[in-house]
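Subject: Structure handover

Hi,

Here is the structure for you to look over. My notes on disulfides, aromatic pairs and pockets follow below it.

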Amino acid sequence: MHHRHHRAMGAAVAATAALLVAGLSGSASAGTAPVDPAPTAAETLRTDAAPPALLKAMQRDLGLDRGQAERRLGNEAEAGATAARLRAALGGDFAGAWVTGAESGTLTVATTDAGDVSAIEARGAEAKVVRHSLADLDAAKARLDRAAAKRDTADAPVWYVDTRTNTVVVEAIRPAAARSLLAAAGVDRSLARVESRTERPRTFYDLRGGEAYYINNSSRCSIGFPITKGTQQGFATAGHCGRAGAGTTGSNQVAQGTFQGSIFPGRDMAWVATNSSWTATPYVNGAGGQSVQVTGSTAAPVGASVCRSGSTTGWHCGTVTQLNTSVTYQEGTISPVTKTTVCAEPGDSGGSYISGSQAQGVTSGGSGDCRSGGETFFQPINALLQNYGLTLKTTGGDDGGEEPGGGEEPGGTWAAGTVYQPGDTVTYGGATYRCLQGHQAQPGWEPSNVPALWQRV
């Protein structure tokens with residue numbers, strides 16, 4: 001079901017967008033004909049298309065009114081684009097970025113060089129000078145991942161790069177387990193911080209999330225996001241829900257499809273190819289059965305709002321607290337996942353995480369519940385799409401029947417359906433562009449059209 005679009009560009013969004021567009025387009029020379037301004041990040045990511053059900057859940061869980069929720073989505077889109085440009089400009093000095101405030105009105109960008117402060121502030125962001133670059137922190141986290149592959153990390157089940165404190169954090173049931181992991185990884189204690197936790201994360205398998213499906217007529221999980229692979233239709237979900245070859249039936253108990261690929265542990269990703277009775281749509285199931293549209297898969301920054309669809313607990317919202325997180329369940333370690341403050345319960349596994357109208361990932365696991373509060377981890381959707389060569393079903397264009405990469409522009413390298421990561425370079429229309437934010441390309445998002453996602457170099 002389609003919904004009317006709601007455009008909400010508050011003063012803060014407009015100011016940030018104007019700054020961004022000015023930085024991208026420059027000033028028109030005297031005597032030159034005016035040109036249409038480049039679309040803002042909020043316009044590119046269609047934050048005005050956020051459905052009422054998502055806005056209501058944000059109001060409930062983040063303590064906002066409707067206007068604040070709408071402005072927050074717009075601000076987060078602009079902040080993501082600004083942070084991406086600063087990351088490209090600062091290079092090795094860049095130490096992370098995050099948004100704060102009820103409306104995500106403040107973007108902070110960290111750097112290891114005090115000489116970068118003026119450049120950061122010129123983009124409308126706050127600057128923070130820190131000791132360690134993001135590259136150094138990511139390298140330390142990678143050493144933890146390698147060390148964890150050879151040991152039991154059940155008592156130190158979560159670790160991640162925390163850009164806000166400029167450290168690598170290990171959350172542990174027993175502090176000694178965290179210290180042992182850090183020592184085995186050779187991570188300098190000046191880079192690390194140990195935090196206490198009381199619960200071990202667990203997978204939410206054997207029930208359902210956004211919409212139910214059954215595996216081999218027994219356990220239940222959730223459809224994450226509808227996808228296509230060429231002319232084949234299906235959906236993305238969590239790997240722990242089923243192994244390749246397992247059959248599925250829908251919530252109506254009608255034969256549905258078969259798992260084509262599944263990874264768990266290590267990652268938590270899978271996809272199911274459905275039979276001709278099922279049609280992939282660009283929606284996830286929202287509150288009261290309303291359809292929530294998906295327009296893309298641009299990854300949200302730390303601090304951004306994110307909402308989850310689950311049939312056990314309904315719609316719940318929170319914020320992205322950490323990217324590039326590793327988490328240990330009893331079945332093994334998963335990395336990288338995204339850590340959130342969204343609650344979930346058994347039955348929500350595999351379901352959809354969405355920020356505005358941008359797909360973020362599928363429910364992996366977590367701790368706590370939706371009565372007392374909790375945390376969850378999701379498998380990022382772009383990595384899943386890239387791994388299996390899938391195309392996210394969106395409302396933005398004709399994404400059925402075309403293999404990822406099949407929309408390549410003649411003489412160039414940019415291709416619709418391809419998953420691009422920050423720093424990737426392509427050519428399009430005879431020019432070279434650098435990717436600013438991770439996303440799956442789609443028709444209409446050509447580099448020359450979306451300065452929030454691409455920078456001409």
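A disulfide here is a pair of cysteine sulfur atoms within 2.5 Å. With bonded cysteines counted along the chain, the pattern is 1-2, 3-4, 5-6. That covers 3 disulfides.

Two notes on the source. This is a predicted model, in which local features need pLDDT of at least 70 and side-chain atom pairs count only at pLDDT 80 or more, while totals for chains, interfaces and linings use all residues. Residues are numbered from 1 along each chain as its sequence is written, and side-chain values use heavy atoms, with hydrogens and water left out.

**Disulfides**

Two terms are needed here. Helices (H or I, at least four residues) and strands (E, at least two) are DSSP runs, numbered from the N terminus. Buried means under 20% relative accessible area, exposed over 50%, and partly exposed in between, with a 1.4 Å probe and protein chains only.

C221 bonds to C241, with 2.0 Å between the sulfur atoms. The S-S torsion of C221 and C241 is about -85°, so this disulfide is left-handed. It links distant parts of the chain, 20 residues apart: C221 sits in strand β9 (residues 219–222), C241 in the loop between β11 and β12 (247–250). Both C221 and C241 are buried.

C307 is joined to C317, again by a disulfide, S to S 2.0 Å. The torsion about the S-S bond of C307 and C317 is about 100°, so the link is right-handed. C307 belongs to strand β17 (residues 305–310) and C317 to strand β18, so the bond ties together parts 10 residues apart in sequence. C307 is buried at 1% relative accessible area. C317 is buried too, at 6% relative accessibility.

C343 and C370 make up another disulfide, S to S 2.0 Å. The link of C343 and C370 is right-handed, with 100° about the S-S bond. Here the pair connects two loops, 27 residues apart: C343 between β19 and β20 (352–355), C370 between β21 and β22. How accessible is C370? C370 counts as partly exposed, at 22% relative accessibility.

**Aromatic pairs**

Rings of Phe, Tyr and Trp (its six-membered ring) pair if their centres lie within 6.5 Å; planes under 30 degrees apart are stacked, over 60 edge-to-face, and the rest tilted. By this rule there are 6 aromatic pairs.

Take Y213 and F235: their ring centres are 4.9 Å apart and their planes at 55°, so this pair is tilted. Y213 lies in strand β8 (residues 212–215) and F235 in strand β11, so parts 22 residues apart in sequence are tied together. Y213 and F235 are both buried.

W414 and Y428 pair edge-to-face, at 5.8 Å centre to centre and 80° between the planes. They link distant parts of the chain, 14 residues apart: W414 is in the loop between β23 (391–392) and β24 (419–420), Y428 in strand β25 (residues 425–428). W414 is buried, with 2% relative accessible area. Y428 counts as buried at 19%.

There is also a cluster: Y213, F235 and F259 form one aromatic group.

**Pockets**

On a 1 Å grid over the protein atoms alone, a pocket is an open set of points where a 1.4 Å probe fits, with protein on both sides within 12 Å along at least five of seven lines; lining residues have an atom within 4 Å of a point. Grid points are joined across faces, edges and corners, and a volume is the space filled by probe spheres set on the points.

The largest pocket holds about 1,100 Å³. It is lined by 36 residues, and R87, A299, L323, Q421 and P422 are the closest to its centre. Elements that each supply at least two lining residues include α4 (66–90), β1 (94–100), α6 (134–148) and β18 (314–329). By class, its lining has 21 nonpolar, 12 polar and 3 charged residues. Ala, Val, Leu, Ile, Met, Phe, Trp, Tyr, Cys and Pro count as nonpolar, Asp, Glu, Lys and Arg as charged, and the others, Gly among them, as polar.

The second largest pocket has a volume of about 350 Å³. Of its 21 lining residues, E211, I223, P226, T281 and Y283 are the closest to the centre. β11 (232–237) and β15 (283–285) each give at least two residues to this lining. Its classes are 7 nonpolar, 13 polar and 1 charged.

Best wishes
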